[in-house]
Amino acid sequence: MTEEFSIIGKNLIRKDDIEKVKGQARYTPDTQLPVSIVGKSVVRKDAIEKVKGQARYIPDIQLPAMLHAKFLRSPYAHARIKSIDTSKAEALPGVKCVLTHQNVPKVHPLRKFEYLIDDTVHHPGEEVAAVAALTPEIAEEALKLIEVEYEVLPAVFNLEEAMKPGAPLAHQEYGTNIYHGTDLSHIPRLDKDGWLRLEVGDVGKGFTEADYILDGTCESPIQYNCSPMPRAVVCEWAGDKLTCWADTQLPLMLWQDLASSFGIPQSDVRLICNYAVGGYGGKKPEKTATLTAILAKRTGRPVKTVFSRAEDFIGTHHRISYKNYNKIGVKKDGTITAMYSRIIANWGSDTPEPYVCQGSALVHACTMMYEWQNSKVETCGVLTNILGYGAMNGFGDPEAIISIERIIDEAAEKIDMDPVEFRFKNCMRYGDKAMEWHQVVYGPIEWGILGPDMDSFPELIQKCAEKAQWKIKWKGWRTPVSIEGNKKKGIGIAIGQHHTQFFPCSAIVKMNQDGTANVLSGAVEMGQGYATAVAQVVAETLGIRYEDVNPTLADTAATPAYFGNVASAGTSSAVNATKLAAEEVKRKLLELAAPRLNASAEDLEARDGNIWVKGTNNKVPIADICFTNFQVTGTANNPPLTAIRDEKTGKVIHPYAAAATIAEVEVDTETGQVEVIRITSAHDSGRTINPVICENQIDLGLTMANGWARTEEYIIDSKTGVLMNPNLLDYKLLTFLDIPKDDDLQRIVVERPCAWGPYGAKGMSETSMTALAPAIANAIYNAIGVRVYDGSLTAENVLRAIEKAQKRQ
Amino acid sequence: MTMKTLVLKVNGVEYELKVRVTATLAEVLREELGLIGTKIMCNEGECGACTVLVNGRPVLSCMTLAIEAENKDILTIEGLADPATGDLHPIQKAFVERSGMQCGVCTSGMILTAKALLDENHDPSEDDIRNALSGNLCRCGNYRRITECVLAAAEKMRGGGGND
């Protein structure tokens, strides 16, 4: 009796799978796939240990003789350390080691401006000393005994201030506040004035062809990542070999950083990253790992660092903030003739990822998202003395889209076109130009296209509108859905998109003697469901049970290195590599089974835990093959992106995903309070591997965008640069009570298989962050006829905008 | 550093411990007893991740001194499964079957707070659940999914599911 094995849908081998592995993929748009394919929502690989409290995260690691590290942090935004005296701290019983700029190597961590601990600090909260002691309490006491004399330097926090001639320099030796690269970090396509630019067509001509030109500014708010686990790392040396347990999404960078900081081979550094906890972008311990490793080396004992929540607020990173300016030219028939965007970004004091955000925005949001023929976008990065930005969900796109989607709404209103129709008409789709963010930063500028999977975009908009009952609720511009006393209900739409990068990636699948499999992958399970997706795909490919596949993840001693679970690349890149490795194993199994079945490998297939001669009952269990051939292992690498080409045009297909979100709000015009009462959001997955996990990822982006738009105010004191609310009472995450109830939260997933990912699946997680915030803003406009551009959509700001509008009337 | 000897009853077992008088219950559970299932997300009483049940009531263990918890019945996530058979509690099962977690850090607190609710209210409405869990933050945004899990568990328990 055969078991049902459709783990991600019907078992299939795509026509183009073999070509892809050979690096010669030509995507066939009419690839026949079974019609009603829905992936199975199998139980997560990590579910049981998480509900039993057995999942061991970095702060849960306890090693014999382990010490605890704490950091002394500067109260000043910009200061030179005139003197630092650690003698009293070192004398405290239980203190084993104290580090300052005087006794740590002068190496550059991932953020390139300063050394590990520098003699000058550039943001409030920057480390000036590190202590390792027997207990966290003793380490805290020791911090109080460290005597530091600071020379406070002039600081700048605000974008406009920082760009004025004669402004205080965020980094005094740098000479300017406009970032233009460093010795260690070169941005080839930056113009001499420090601006990065991208131009397509002729915007000047485009604007002359417009019937209407509109423009406006919008500053996107900073947001704190707020990983549920604050930054934590454990380091231990055995001789001259280092083991580091790190809560990170980016193993490769950290691995390289540790090896180069100590001047030791990567082969002597073992980095273990389970369980990581979502940082929602860019989570890595950065110099904290190196400092912890130095403490471990000097004391000869394992050392654990766990940040407090306040420390995590001020000592890690946050979402970049853009000051956007957009100018759009539109015709009465809804054609967009030109688009100009200018983005000035507040970088804070430094970043490990220069220009990734803005590179993304330039290509994705400002040039690709709507198929405008004429566009120009320019951006620069401004250094200030607040905490430097890092990666956060959407990484460069939501910050631009929050502005673009408002001006798009204004343009639609100007020509009195339904905003859903306007977006449906103009959104990017199959065949439109596409490129990678790094091409705009590093070159070359060579446009490829979006693949057939991106014909999902108009479909998403349509399905979203249908589900949200747009035609019933939308009564026209400036006409609320309903009014009840002070309370006005409005509805608004926005769209979004983001890449899902196709990275180089390797994976190993190793068969065990009993016919089960371990998958060795350098990517990280941080809650997004990576381990589950891998097991589903590999089981599907090998024809064995999901329960019989166990991923071994993110251990550099055993798994091939992987850049990181970022750029929504997990499904597209890392899972894909495991599928290719599984295919390699399957080929070997078929070859080994052939003589036993008196057949040739081409006549065999893997299914239900057996190798079968196709069309017969002749079979041999995979477990038998593995028992007698216990070295069956498959290794594979992803083909390069340039191998993924469109059959019709031969152009490279670039990997993207899209979103359409409709929000309904209720605004209390007396208090300014905004409630989001209904969210309908449509996304494309290529091919959904696990529907429930996919929905969970959508919920993540929606909740985060909702909080970003309305409640998560990141309040920096304008005089000192100090973060005023580094705690979870005053920095307001959404709670159960802030989410739409029951059927008022609708997620729609559209599947159009992509050219590059496993079984046509692609990553889409960050995309769910890109559309809701502007949809809420647009819904508020529909409710109260006032556009709120400044700051978060808090009651205070909405009320202020209402009052301002009333004064004008 | 003043130390005190005390007896804590955790998951039905009595432990004699010598702890700092300033030690929180969360610290003692995690560091002294190795019960790492109680998670610390803020350590300031703002997020609910460290929730344990003390005499059946949800309590923020990071805001409770260990010495305050003497002579009380403490239940952590590790104590929820059936002690005889190891079977998961219906709430745990619902979270497993419906993917009620992503990163998992809020999970222990969510499950225990839900248990306190369901032990008192066998047929909670969606509003009851949202209110009871309003002190538990989930940065991964799984509020809707967690609500579904608790509703499903409640239905199972009403059907005489118990610990099966």
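Start at the interface of chain B and chain A in this predicted model: 33 residue pairs there are in polar contact, counting pairs with both residues at pLDDT 80 or more. Next, colour chain B by secondary structure. Helix 1 (25-32), helix 2 (90-97), helix 3 (107-120), helix 4 (126-132) and helix 5 (143-158) of chain B each supply at least two residues of the side that touches chain A. The largest share of that side, 5 residues, comes from helix 5 of chain B.

Now pick the charged pairs across the interface, where the rule finds 7 salt bridges. Zoom in on R20(B) and E137(A), which form a salt bridge with their closest N and O atoms 3.5 Å apart.

For the extent of the interface, select the 47 residues of chain B in contact with 57 residues of chain A. The two chains bury about 4400 Å² between them, 56% of it on carbon and sulfur atoms. In chain B, show Q102(B), R130(B) and R139(B): they lose the most area to chain A, together 20% of what that side buries.

Move on to the largest nonpolar core, of 98 residues, where V665(A), I776(A), F95(B), M110(B) and I146(B) have the most contacts inside it. Helix 20 (residues 772-784) of chain A gives the most to this core, with 9 residues. Centre on V665(A); beyond its neighbours within four places in sequence, its contacts include V674(A), V676(A), I677(A), I776(A) and I780(A).

Last, select L250(A), V575(A), L597(A) and I622(A), which are among the 92 residues of another core, apart from the largest one.

Notes. Residues are numbered from 1 along each chain as its sequence is written. Chains are lettered from A and ligands numbered from 1 in the order in which they are written. This is a predicted model: local features need pLDDT of at least 70, side-chain atom pairs count only at pLDDT 80 or more; totals for chains, interfaces and linings use all residues. Side-chain values use heavy atoms; hydrogens and water are left out. Contact means heavy atoms within 4.5 Å. Buried area is the accessible area (1.4 Å probe) that two parts lose on being put together, summed over both. A salt bridge is a side-chain nitrogen of Lys or Arg within 4 Å of a carboxyl oxygen of Asp or Glu. A polar contact is a pair of N or O atoms within 3.5 Å; within protein, one must be able to donate a hydrogen and the other to accept it, and residues adjacent in sequence count only if both atoms are side-chain atoms. Helices (H or I, at least four residues) and strands (E, at least two) are DSSP runs, numbered from the N terminus. A nonpolar core is a set of buried Ala, Val, Leu, Ile, Met, Phe, Trp, Tyr and Cys residues joined through side-chain atoms within 4.5 Å. Buried means under 20% relative accessible area, exposed over 50%, partly exposed in between (1.4 Å probe, protein chains only).
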